[in-house]
Amino acid sequence: MTESAHVLLDTTVDGTEAMGELGARLAAVLRAGDLVVLTGPLGAGKTTLTRGLGAALGARGQVSSPTFVLARTHPTTAGPDLVHVDAYRLSDPVELDDLDLDWDAAIVVVEWGRGMVDGISDSVLDVEITRATGADAVEHGDGDDDLDPDDVPDEPRRVVVTATGPRWEGVAL
């Protein structure tokens, strides 16, 4: 991070509902051209946070993990489109660039984006989510393999939102 990076929020989120509410809280400060990078292990709550953000923006369509399609664009009732990207399967930033995203006109949320979006914008919101237990998100205990990796039992998560660049000067959460 650069010297202009500063922590906007360092909090504990108690569960799925609270993670969605945090997404809505972030939505209130976002506008076209904003880039949000989500970092955390499987099951941390990245997609859940994005669902809350999408709900607050009035995103059309189900906001779900774009792991296999890589990116989904959701028109919103609140203004700019929400573009939800999953960079997990991308091997380098060139592949992300090949998606031909409209970085300037949309709010772009990139899961697994740390190190993949460098140079795209001089202003980035970096959201790091850690799970206190470190439990394996794939083991749901109910035998259902079709669940979204972020739909895991409620447990506390630590969320640190770090802002970098001139866009975030003076912005509070």
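1. In this predicted model, strand β2 (residues 35-39) and strand β6 (residues 124-131) run parallel and are joined by 4 bridges; two strands are taken to pair if DSSP finds at least two bridges between them. Helices (H or I, at least four residues) and strands (E, at least two) are DSSP runs, numbered from the N terminus.

2. Thr39 is found in strand β2, and its bridge partner in β6 is Glu128. Thr39 is buried, with a relative accessible area of 17%, where buried means under 20% relative accessible area, exposed over 50% and partly exposed in between, computed with a 1.4 Å probe on protein chains only. Leaving aside neighbours within four places in sequence, Thr39 is in contact with Lys46, Arg114, Asp126, Val127, Glu128 and Ile129, contact being heavy atoms within 4.5 Å.

3. The open sheet has 7 strands in the order β1-β7-β6-β2-β5-β4-β3, and its pairing is mixed. Because β1 (6-13) and β3 (71-74) stand at the edges with a single partner strand each, one side of each is left without a neighbour in the sheet. From one strand to the next, the twist averages 15 degrees.

4. Helix α1 (residues 16-27) packs on the sheet, where it touches β1, β6 and β7 (157-164), and its direction makes about 155 degrees with that of β1. Axes are lines fitted to C-alpha atoms, for helices over the stretch in contact, and angles run from 0 to 180 degrees between N-to-C directions.

5. Helix α1 also packs against helix α2 (residues 46-57), at an angle of about 50 degrees and with the axes 7 Å apart. That makes α1 oblique to α2, since angles under 35 degrees count as roughly parallel, over 145 as roughly antiparallel, 65 to 115 as roughly perpendicular and the rest as oblique. Residues of α1 in this contact include Met19, Gly20 and Leu22, and those of α2 include Leu49, Gly52 and Leu53.

6. Over the whole chain, the secondary structure comes to 3 helices and 7 strands, which follow the pattern β-α-β-α-β-β-α-β-β-β along the sequence. Of the 173 residues, 49% count as buried, and among contacts between residues at least 6 apart in sequence, 72% join residues at least 24 apart.

7. On conventions, residues are numbered from 1 along each chain as its sequence is written, and side-chain values use heavy atoms, with hydrogens and water left out. Local features need pLDDT of at least 70 and side-chain atom pairs count only at pLDDT 80 or more, whereas totals for chains, interfaces and linings use all residues.
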